[in-house]
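Look at the sequence and the model below. The paragraphs after them go through selected parts of the structure one at a time.

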Amino acid sequence: MKAVVLDADDHYRVAELDEPVPGPGQVAIRVAYAGIQWGDTMVRDGHFPVPRPFVPGFEASGHIVAVGEGIDASRVGEPVTALTTAGAYAEVALAPAVLTWGIGDMPLRTAAGLGWGAPTAYDLINTAARVRPGESVLIHAAAGSVGTLAAQFARLAGAGRIVGVVGTATRAEYAAQFGYDQLLLRREFPAGLGDEKPDVILDPVGGSTRTAGIEQLAAHGRLVAYGNLATHDPVLASTNDLLMHGKSLLTYNSNLLGQTHPERLADSARRVLSLVADGKVRTDITTEYALEDLAVAVQHLAEGTTHGKSILRVA
């Protein structure tokens with residue numbers, strides 16, 4: 001089979017490899033499309049240590065072609081979307097059966113746009129921050145795949161006001177179609193909020209943005225940290241100060257959740273699939289790359305020149 005391999009020199013190449021065989025609790029998927037996500041930049045840049053050569057790719061849609069021990073053989077042939085620990089940038093990929101969901105009549109291309117970002121966005125709003133009707137929500141990286149979905153989930157949760165923060169005017173123009181009440185450029189945060197104090201802030205940025213967010217929160221507000229796009233330097237917060245104002249600093253790690261409690265992540269993913277199938281939420285695939293163009297795709301993501309969701313066409 002054809003697969004993209006990340007070598008020790010950090011270069012991607014298309015290689016011929018043996019097809020993997022599913023082990024207990026796994027399924028093998030003939031991949032049609034694979035989602036591109038921030039974890040790809042982390043692996044490429046060495047933030048997630050993996051053995052090299054390594055077949056990357058953490059999101060796939062396609063058809064199940066084989067199942068491992070303990071998995072119902074009737075699933076063979078089923079159209080699915082799946083979350084993987086590696087290997088989605090290949091013609092055949094393995095995935096845990098618990099993180100592989102049937103998609104019914106949903107197009108495989110659409111399903112590829114969900115990936116890790118969809119259950120992450122759902123959980124940020126509904127599980128971590130627990131947005132209540134009438135509350136205000138501020139979303140950093142508002143034009144990305146997580147941000148655009150989170151805005152829609154916030155509206156469904158009854159949020160009274162949704163503000164997005166983006167890097168450029170072009171990204172603001174793109175994000176506007178997802179129901180934000182206001183969009184700020186990154187350089188305008190937090191001054192552009194004036195006296196407004198959000199009840200909830202979703203922060204994948206870190207650094208000074210996180211520090212400013214904690215300060216800007218309303219009483220009893222919650223800031224959910226779920227990434228470090230800007231810097232991995234630690235952000236220090238006084239628990240005494242948080243306590244005095246009833247503020248909470250929370251974290252969310254979907255990768256860890258998939259390892260420790262995959263059934264929780266699976267439940268959120270199924271809820272998202274239902275909402276997408278019913279037309280209540282949409283994912284926007286803005287760019288489709290060929291297998292040999294993965295290096296370009298990951299570089300564009302790292303540079304912040306993409307918006308919405310990018311996918312790789314495998315089949």
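## A walk through the model

Helix 10 is followed by Gly304, which has a positive phi near 75°. Helices here are DSSP runs of H or I with at least four residues, strands are runs of E with at least two, and both are numbered from the N terminus. This is a predicted model, in which local features need pLDDT of at least 70 and side-chain atom pairs count only at pLDDT 80 or more, while totals for chains, interfaces and linings use all residues. Residues are numbered from 1 along each chain as its sequence is written, and side-chain values use heavy atoms, with hydrogens and water left out.

Stay with helix 10, which spans residues 294-303. Its buried residues are Leu294, Ala297, Val298 and Leu301. A residue is called buried when its relative accessible area is under 20%, exposed when it is over 50%, and partly exposed in between (1.4 Å probe, protein chains only). An α-helix has 3.6 residues a turn, so residues three or four places apart point the same way. Among the elements that cover the buried residues of helix 10 are strand 1 (2-6), strand 2 (12-16) and helix 1 (38-44). Strand 14 (285-290) and strand 15 (309-313) are also included in this cover.

Helix 3 is another case. Of its 12 residues, 10 are buried, so helix 3 is largely enclosed by the rest of the structure. The buried ones include Gly117, Pro119, Tyr122, Asp123 and Ala128. Just after helix 3 comes Arg130, with a positive phi of about 50°.

Tyr122 also takes part in an aromatic pair. Rings of Phe, Tyr and Trp (its six-membered ring) pair if their centres lie within 6.5 Å; planes under 30 degrees apart count as stacked, over 60 as edge-to-face and the rest as tilted. By this rule there are 2 aromatic pairs. In one of them, the ring centres of Tyr122 and Phe153 are 5.4 Å apart and the planes stand at 85°, so this pair is edge-to-face. Distant parts of the chain are linked by the pair, since Tyr122 belongs to helix 3 (residues 117-128) and Phe153 to helix 4 (residues 145-156), 31 residues apart. Tyr122 is buried at a relative accessible area of 14%, and Phe153 is buried at 2%.

Next come the charged side chains. A salt bridge is a side-chain nitrogen of Lys or Arg within 4 Å of a carboxyl oxygen of Asp or Glu. How many salt bridges does the structure hold? The count is 15. One of them joins Arg30 and Glu19, whose closest N and O atoms are 3.4 Å apart. This pair links distant parts of the chain: Arg30 is in strand 3, and Glu19 is in the loop between strand 2 and strand 3, 11 residues apart. Arg30 is partly exposed at 37%, and Glu19 is partly exposed at 43%. Another salt bridge connects Glu78 with Arg75, with 2.8 Å between the closest N and O atoms. Glu78 is partly exposed at 24%, whereas Arg75 is buried at 16%.

Asp199 is a charged residue without such a partner. It lies in the loop between strand 10 (182-185) and strand 11 (200-203). Asp199 is buried yet has no salt bridge, and Arg222, the nearest side chain of opposite charge, is 5.5 Å away. For charge, Lys and Arg count as positive and Asp and Glu as negative, while His and the chain ends are not counted. A polar atom of the Asp199 side chain lies 2.9 Å from the backbone nitrogen of Ser136. Leaving aside neighbours within four places in sequence, Asp199 is in contact (heavy atoms within 4.5 Å) with residues including Glu135, Ser136 and Leu217.

The loop that holds Asp199 also holds Pro190. The peptide bond from Phe189 to Pro190 is cis, with omega near 5°. The bond from Arg52 to Pro53 is cis as well, with omega near -5°, and Pro53 sits in the loop between helix 1 and strand 4 (59-67).

Definitions and conventions
A polar contact is a pair of N or O atoms within 3.5 Å; within protein, one must be able to donate a hydrogen and the other to accept it, and residues adjacent in sequence count only if both atoms are side-chain atoms.
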